[in-house]
Amino acid sequence: MAERNLVPSLERSFDVCPDRPLESEWMQNIPLRQAYQRVLVQDIYRAQNLERIVETGNCDCEIRFPSWDAAEAVFRERYASDERWEMLQASDAYNRRANAARPAAKAICEAAGNW
């Protein structure tokens with residue numbers, strides 16, 4: 001049998017693009033009851049990044065994992081004052097966008113060895 005020393009950890013370790021930017025401090029420290037706000041920013045970030053990969057045909061780490069600034073700006077400008085249910089609907093829409101772009105983005109990134 002293979003030896004397993006798998007221990008859960010909160011430390012970030014990535015095989016692809018290991019120098020990914022950290023989420024903003026406010027996102028990391030958001031109260032549990034407001035976690036849907038963090039999830040929305042994460043969903044915006046994912047959709048933006050996958051769409052950008054498809055638009056540019058490029059999967060460099062800076063394209064795939066840019067700073068969180070653009071996603072946070074969209075959140076602040078469009079959603080920060082919304083009700084919880086509105087943010088959940090927005091998250092769903094961003095997930096649909098990300099899922100639509102994912103196959104093309106994955107093909108581009110796999111070809112670049114960056115998936």
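Predicted model: local features only at pLDDT ≥ 70, side-chain atom pairs only at ≥ 80, totals over all residues.
**Stop 1: C17**

Select C17. Helices here are DSSP runs of H or I with at least four residues, numbered from the N terminus. Check the backbone: phi of C17 is near 50 degrees, a positive value in a residue other than glycine. C17 is buried, at 6% relative accessible area. Buried means under 20%, exposed over 50%, and partly exposed in between, with a 1.4 Å probe and protein chains only.

**Stop 2: R38 and E23**

Now show R38 and E23. Their side chains form a salt bridge, 2.4 Å from N to O. The term requires a side-chain nitrogen of Lys or Arg within 4 Å of a carboxyl oxygen of Asp or Glu. R38 belongs to helix α2 (residues 35-56), while E23 is in the segment before α1, 15 residues away, so the pair links distant parts of the chain. R38 is partly exposed at 25%. E23 is buried at 13%. The whole structure holds five salt bridges.

**Stop 3: α4 against α5**

Select residues 69-79 (α4) and 84-111 (α5). Their axes lie 12 Å apart, at an angle of about 135 degrees. That makes α4 oblique to α5. Axes are lines fitted to C-alpha atoms, for helices over the stretch in contact, and angles run from 0 to 180 degrees between N-to-C directions. Oblique is what remains after roughly parallel (under 35 degrees), roughly antiparallel (over 145) and roughly perpendicular (65 to 115).

Which residues of α4 and α5 meet? V74, F75, R78 and Y79 in α4 touch M87, A90 and Y94 in α5, contact meaning heavy atoms within 4.5 Å. Six of these residues are nonpolar, one is charged and none is polar.

**Stop 4: R76 and E72**

Stay in α4. R76 and E72 form a salt bridge of 3.5 Å, N to O. They are four residues apart, about one helical turn. R76 is exposed at 51%, whereas E72 is buried at 5%.

**Stop 5: K106 and E110**

K106 bridges to E110, with the closest N and O atoms 3.9 Å apart. K106 is partly exposed at 28%, and E110 is partly exposed at 46%.

Key: Residues numbered from 1 in each chain as written. Heavy atoms only, no water. Helix = DSSP H or I, 4+ residues; strand = E, 2+ residues; numbered from the N terminus. Nonpolar A, V, L, I, M, F, W, Y, C, P; charged D, E, K, R; others polar.
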